[in-house]
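Hi,

Here is the structure I promised to pass on.

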Amino acid sequence: MSPAAGLAPGDWVAADDGLTGRLVLDLDAGQALAGWSLGDWRQLGTGVLVETVQAGPVHYPDRAVLRPAGPEGIAELMALRFGSGGGIEAAGLDRAGAEAIRRLLDRRACRRFRDEAVPEGLLRLVLGTGLAAPSKSDLQQADIVWVRDPAIRADVTRGCGDWLEAAPATVEILVICGDGRRLAALHAGEAEPWANDHFDALFNATGDAAILLCQLLTAAAMAGLGACPVSVMRNRAEAISDALGLPDRVFPFAGLALGWPAEPRAPISPRLGPSGALHVDRFDTEGQAAAIAAYDARRGPVAQSPAWSEAKRRQYATAQRTGWGEFLRGKGFRMD
Ligand SMILES: Cc1cc2nc3c(=O)[nH]c(=O)nc-3n(C[C@H](O)[C@H](O)[C@H](O)COP(=O)(O)O)c2cc1C
């Protein structure tokens, strides 16, 4: 039996040549990972196609050189994000753990989708997994609005970028909301007064919404779906709130587009990582300039765009969402 027996599209594999990646096409069995088209690669003939971390898609005519990946690929994925593996030790992970870590490190914002519906049961699984996210004091201050009506969808996605406005109708649109209402409402007419109508109420609901968004992104990555948060939606906060019927103390934190990713996916977006954002014992401000300079140098050629610091300076040289505080006050939140 070949070492690759039982491998199927979606599995991570390690090859004898040292490359690691996801098996995306099995040309012999006529199977493809969602997002990959057998027709596009038919000229390869037989064998399998692996989307390697190190070298992009690689054709292996003989699958006997492949084996299920253990911790392989994790150090390479860390290096793509951070420039180096950063002293990690992945060898002790079991196969499922290694697979989960790889999928998280391999996640990237997806703004190009295939026109293929996400089965409703799978979507509900992703939504449920998101809603199982941790919640500050179990207060459960975040909600999802699943936008299904085409007219409402057109309204909430307006001005969010061509990639979203022109996305196939099969791309699901969710709006993740912070919810300070449910908790306040529990006190209505009860003996215990609500004694926490201050900034903490907004802060906690924002935190829960961010955690919910993150868990949805994680669940989507585990399910092989592509996703991209859309906080530019907040530029039209009043309109979004009206379109979705958001009551007082409920605000849109971010949209989320979810669907099957089109291939090729966007490259992995490098991050500042441990050299700039991991501090030990005491916050290190002195190392920041050097860490950012090194990050700029590493990231520039990868993303083929201005250095990160330059790009962010330009982006935030223009005022954005100056009415956001007023919007939240209008929703009933206090800032003091
Ligand atoms: C809260 C939040 C809001 C975001 N809003 C937008 C958005 O409005 N439009 C967009 O194209 N991407 C948006 N993104 C995606 C980020 O641009 C993306 O995560 C970032 O560039 C890093 O890339 P990566 O996710 O591929 O690692 C958002 C991400 C987060 C976490």
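**What I found**

UniProt, in an unreviewed entry, lists residues 106-260 as "domain: Nitroreductase". UniProt positions are given in the numbering used here, feature names are shortened, and annotations may be inferred rather than shown by experiment. Residues are numbered from 1 along each chain as its sequence is written. Keep in mind that this is a predicted model: local features need pLDDT of at least 70, side-chain atom pairs count only at pLDDT 80 or more, and totals for chains, interfaces and linings use all residues.

Helices (H or I, at least four residues) and strands (E, at least two) are DSSP runs, numbered from the N terminus.

**Helix α7**

Helix α7 covers residues 199-222, and its 24 residues should span 34 Å at 1.5 Å a residue; the end C-alpha atoms are 35 Å apart, which agrees. The expected span is 1.5 Å times one less than the number of residues. Just after α7 comes G224, with a positive phi of about 80 degrees.

**Helix pairs**

Two packed helices are described by the angle between their axes and the distance between the axes. Here axes are lines fitted to C-alpha atoms, for helices over the stretch in contact, and angles run from 0 to 180 degrees between N-to-C directions.

Start with α3 (residues 120-131) and α7: their axes come within 8 Å and cross at roughly 140 degrees. The two are therefore oblique to each other (under 35 degrees counts as roughly parallel, over 145 as roughly antiparallel, 65 to 115 as roughly perpendicular and the rest as oblique). On the α3 side, V126, T129, G130 and L131 meet L212, Q215, L216, A219 and A220 of α7; contact here means that C-beta atoms, placed from the backbone, lie within 7 Å. The residues of this contact of α3 with α7 are six nonpolar, three polar and no charged. For those classes, Ala, Val, Leu, Ile, Met, Phe, Trp, Tyr, Cys and Pro count as nonpolar, Asp, Glu, Lys and Arg as charged, and the others, Gly among them, as polar.

Next, α4 (residues 150-157) packs with α8 (residues 237-244) at about 165 degrees, with axes 9 Å apart. That angle is why α4 and α8 are roughly antiparallel to each other. I152, D155 and V156 of α4 meet A239, I240, A243 and L244 of α8, a contact of α4 with α8 that has six nonpolar, no polar and one charged residues.

Then there are α1 (residues 74-82) and α2 (residues 95-106), which pack at an angle of about 20 degrees with their axes 10 Å apart. So α1 is roughly parallel to α2. I74, L77, M78 and R81 of α1 make the contact with A98, I101, R102, L105 and D106 of α2. By class, the contact of α1 with α2 has six nonpolar, no polar and three charged residues.

Most residues other than glycine have a negative phi, and most peptide bonds are trans. D138, though, is a residue other than glycine with a positive phi, near 60 degrees, and D138 sits in the loop between α3 and β7 (142-147). A cis peptide bond joins E263 and P264, with omega about 0 degrees. P264 is in the loop between β10 (250-259) and α9 (274-277).

Cheers

Terms used
Two residues are in contact if their C-beta atoms, placed from the backbone, lie within 7 Å.
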